[in-house]
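User: I'd like to learn how to read a few features of this model with you. Could we take them one at a time?

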Amino acid sequence: MNGILSADRLPELAVIPHGTGMDFVRTHGIPAEVDGSIRVALDGTARTIDAGRVHYLDREGRQRERWFANVGSVGMSGAVAQRANSTSKALGGRVSFLYALVRVFASWRNTEVTVELDDAVRRGPMHDVIVANGQFHGGAMWLAPGARPDDGLFDVLLIGDVTKADFVRTLPKIYRGTHLSHPKTELLRSRVVRVDARVPLPIETDGEQLGTTPARFELVPGALRVRAPG
């Protein structure tokens with residue numbers, strides 16, 4: 001992503017999936033197996049989609065910028081990504097992320113967060129802020145079922161002060177995309193999302209833990225061309 005979007009021209013991106021979560025290809029209907037993805041790379045239709053760009057602090061406190069194609073997040077998801085990436089992943093992406101989620105949640109403490117959007121501000125104790133260009137996150141969690149990667153806006157899911165009981169009851173719904181009715185979640189849409197907290201919170205994009213808040217997410221319309229099934 002970062003190499004492509006630093007180029008002088010805009011090449012078409014074809015994906016041969018070899019990641020942990022396979023979440024980007026789920027949104028775009030690209031086969032997860034090699035032969036099918038190669039056929040799409042050769043014969044697929046090029047679609048123009050949006051991309052995200054985030055400004056954040058790295059581990060040394062320096063300002064950094066990074067592009068992402070699928071999802072960025074602030075809060076527990078950043079710690080989950082770091083734990084998942086430190087495991088062997090021998091059982092596959094879905095189990096790796098689920099195991100990391102359960103382990104991190106057991107000791108996670110929600111903190112006071114401020115989220116500034118295009119036309120709204122939200123403050124309060126939060127568990128996660130999900131900034132979604134694609135629909136899937138964390139190894140098939142259908143966190144943003146209405147997200148469209150070509151509509152010029154992020155789907156922003158705010159997960160509030162959830163308890164361990166909330167977690168147990170809601171986790172199966174996350175994989176079915178039926179969790180949005182939970183009273184401690186809110187779905188908003190915005191082109192720019194600023195996130196800050198009383199204590200530095202971890203940030204991840206596309207499954208990689210980057211650094212910490214404060215963060216500014218910006219959607220860039222039509223930044224990518226992706227080969228997808230016709």
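Predicted model: local features only at pLDDT ≥ 70, side-chain atom pairs only at ≥ 80, totals over all residues.

User: Which residues does Asp 50 touch, not counting residues up to four places away in sequence?

Analyst: Asp 50 belongs to strand 2, residues 45–57. Its partners fall along several parts of the chain: Asn 133; then Pro 149, Asp 150, Asp 151, Gly 152 and Leu 153; and also Leu 219, Val 220, Pro 221, Gly 222 and Ala 223.

User: Is Asp 50 buried or exposed?

Analyst: The general idea is a cut-off: under 20% relative accessible area means buried. Asp 50 has 3% relative accessibility, so it counts as buried. Ala 120 has 18%, so it counts as buried too. Ala 120 sits in the loop between strand 5 (111–116) and strand 6 (121–126). Its C-alpha atom is 8.9 Å from that of Leu 188, although the two are 68 residues apart along the chain.

User: How do I read the chain as a whole?

Analyst: Start with the elements: there are five helices and 12 strands. Of the 230 residues, 52% count as buried. For contacts with a separation of 6 or more, 71% come from residues 24 or more positions apart.

User: What about surface and charge?

Analyst: The accessible surface comes to about 10,900 Å², and carbon and sulfur atoms hold 52% of it. The side chains include 29 positive and 26 negative ones, and the centres of these two sets lie 5 Å apart.

User: Where is the kink in helix 5?

Analyst: In helix 5 (residues 164–176), a kink of about 45 degrees lies at Thr 170, shortly before the proline Pro 172. Thr 170 is also among the buried residues of this helix, together with Asp 166, Phe 167, Leu 171, Ile 174 and Tyr 175. After helix 5 comes Gly 177, with a positive phi near 75 degrees.

Methods
Residues numbered from 1 in each chain as written. Heavy atoms only, no water. Helix = DSSP H or I, 4+ residues; strand = E, 2+ residues; numbered from the N terminus. Buried < 20%, exposed > 50% of the residue type's maximum accessible area, 1.4 Å probe, protein only. Contact = heavy atoms within 4.5 Å. Areas by Shrake-Rupley, 256 points an atom, 1.4 Å probe, with all protein chains shown as cover. Lys, Arg positive; Asp, Glu negative; His and termini not counted. Charge placed at Lys NZ, Arg CZ, Asp CG, Glu CD. Bend = angle between axes of the 7 residues up to and from the residue.
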